[in-house]
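Visitor: I would like a brisk tour of this model. Please take my questions one at a time.

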Amino acid sequence: MTAPTKPPHSSSPASDHAGADAGATGADLHAPVIHWFDDHARDLPWRRPEAGAWGVMVSEFMLQQTPVSRVLPVYEQWLARWPRPADLAAEAPGEAVRAWGRLGYPRRALRLHGAAVAITERHGGDVPSDHAQLLALPGIGEYTAAAVASFAYGQRHAVLDTNVRRVFARAVRGVQYPPNATTAAERKLARALLPDDDSTAARWAAASMELGALVCTARNETCARCPIAAQCAWRLAGKPEHDGPPRRGQTYAGTDRQVRGKLLAVLREAHAPVPQAVLDRVWHEPVQRARALDGLVSDGLVEPLPGGLYRLPLT
């Protein structure tokens with residue numbers, strides 16, 4: 001989620017958007033969205049030139065399913081401690097889990113550590129610019145590879161996060177929400193909407209993402225502030241309510257995720273192996289607690305030791 005240097009405001013010809021549905025086309029959307037972004041983009045550390053490709057990659061891992069406000073302090077601490085991939089690769093993976101703090105979904109910390117090791121071993125410590133090489137890194141999926149190539153290196157890729165998918169669903173397809181999981185049709189539409197030149201495409205990717213984050217939000221969208229409200233197929237249709245599969249809610253209280261978080265919190269605070277009895281105090285229900293701990297071990301987030309001791313992983 002970064003912003004490359006401002007390019008000229010160009011658009012692809014309408015013929016490039018044959019895959020788009022009957023709403024607004026890329027030619028209608030590019031200039032107003034990019035101009036809006038020029039005026040309203042948040043000043044975020046991973047958007048600054050000094051962040052580099054590593055800073056962009058770290059931000060993309062941290063921002064998955066986590067709001068910017070929670071990411072900012074952890075991101076700053078992370079980059080201060082590990083300014084290059086080799087710095088992180090030299091540490092035990094458990095240190096990445098410890099530094100991850102309470103961002104949630106801590107497997108992301110292990111994946112980021114694994115990516116740092118691979119970058120150090122395969123690419124001399126520099127985050128590769130080639131999309132295929134990015135995709136080949138452990139823990140890197142299609143979205144993250146496209147985001148790093150686009151935001152760090154100014155390349156032309158369809159970057160489809162939840163915010164972008166929602167903007168495209170409303171502005172082009174005329175529906176309130178995108179499907180629960182990204183579809184081939186969404187990828188085809190995103191490619192059809194890409195501007196022709198690399199720099200404008202990269203700017204468009206960042207701008208459409210920011211529009212979804214700040215204006216075209218999941219709830220309480222503010223169409224009066226939207227630069228493409230006049231072209232938005234959903235607004236023009238009277239904002240019909242979602243009639244697809246139920247939206248997935250995120251629950252936390254009482255779930256295995258909550259128990260895992262409590263167990264990890266104890267281990268993050270400890271700098272020596274922790275006895276089973278100490279971990280047993282974090283949750284009253286023994287079956288769920290054991291299931292959560294087993295899951296952490298299976299995921300490589302916790303290392304069991306002889307004598308009923310546990311620690312964050314060293315290898």
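Visitor: Which residue meets glutamate 303 in a salt bridge?

Guide: First, this is a predicted model: local features need pLDDT of at least 70, side-chain atom pairs count only at pLDDT 80 or more, and totals for chains, interfaces and linings use all residues. Residues are numbered from 1 along each chain as its sequence is written, and side-chain values use heavy atoms, with hydrogens and water left out. A salt bridge needs a side-chain nitrogen of Lys or Arg within 4 Å of a carboxyl oxygen of Asp or Glu. At 3.0 Å, N to O, the side chain that meets glutamate 303 is that of arginine 311.

Visitor: Is arginine 311 buried, partly exposed or exposed?

Guide: Buried means under 20% relative accessible area, exposed means over 50%, and partly exposed lies in between (1.4 Å probe, protein chains only). The relative accessible area of arginine 311 is 25%, so this residue is partly exposed.
Salt bridges that share partners also build one network, and its members are Arg81, Glu91, Glu95 and Arg98.

Visitor: How many salt bridges does a search of the whole structure find?

Guide: Side chains of opposite charge can pair when their charged atoms come close. Over the whole structure, the search finds 15 salt bridges.

Visitor: Which residue forms a salt bridge with glutamate 210, and how many residues apart in sequence are the parts that the pair ties together?

Guide: The partner is arginine 42, with the closest N and O atoms 2.8 Å apart. Glutamate 210 lies in helix 11 and arginine 42 in the loop between helix 1 (26-40) and helix 2, so the parts tied together are 168 residues apart in sequence. Helices (H or I, at least four residues) and strands (E, at least two) are DSSP runs, numbered from the N terminus.

Visitor: How many residues apart are aspartate 299 and arginine 107?

Guide: Their side chains meet in a salt bridge at 3.6 Å, N to O. Aspartate 299 sits in the loop between helix 15 (286-298) and strand 2 (303-305), and arginine 107 sits in helix 6 (residues 107-122), so to speak of distant parts of the chain is to speak of positions 192 residues apart.

Visitor: Is tryptophan 82 buried or exposed, and which side chain makes a polar contact with its side chain?

Guide: Tryptophan 82 is in the loop between helix 3 (68-81) and helix 4 (85-89). Its relative accessible area is 1%, so tryptophan 82 is buried. A polar contact is a pair of N or O atoms within 3.5 Å; within protein, one must be able to donate a hydrogen and the other to accept it, and residues adjacent in sequence count only if both atoms are side-chain atoms. At 3.4 Å, the partner side chain is that of glutamate 91.

Visitor: Which helix gives the most to the lining of the largest cavity?

Guide: On a 1 Å grid over the protein atoms alone, a cavity is a set of points where a 1.4 Å probe fits but cannot get out; a pocket is an open set with protein on both sides within 12 Å along at least five of seven lines, and lining residues have an atom within 4 Å of a point. The largest cavity holds about 120 Å³ of space, a volume being the space filled by probe spheres set on points joined across faces, edges and corners. Of its 14 lining residues, Arg170, Cys216, Cys223, Cys226 and Cys232 are the closest to its centre. With three residues, the leading contributor is helix 9 (residues 162-173).

Visitor: How much space lies in the second largest pocket?

Guide: Its lining has 16 residues, with Gly104, Tyr105, Pro106, Arg257 and Gly261 nearest the centre. Helix 13 (residues 256-269) gives the most, five residues. The space is about 330 Å³.
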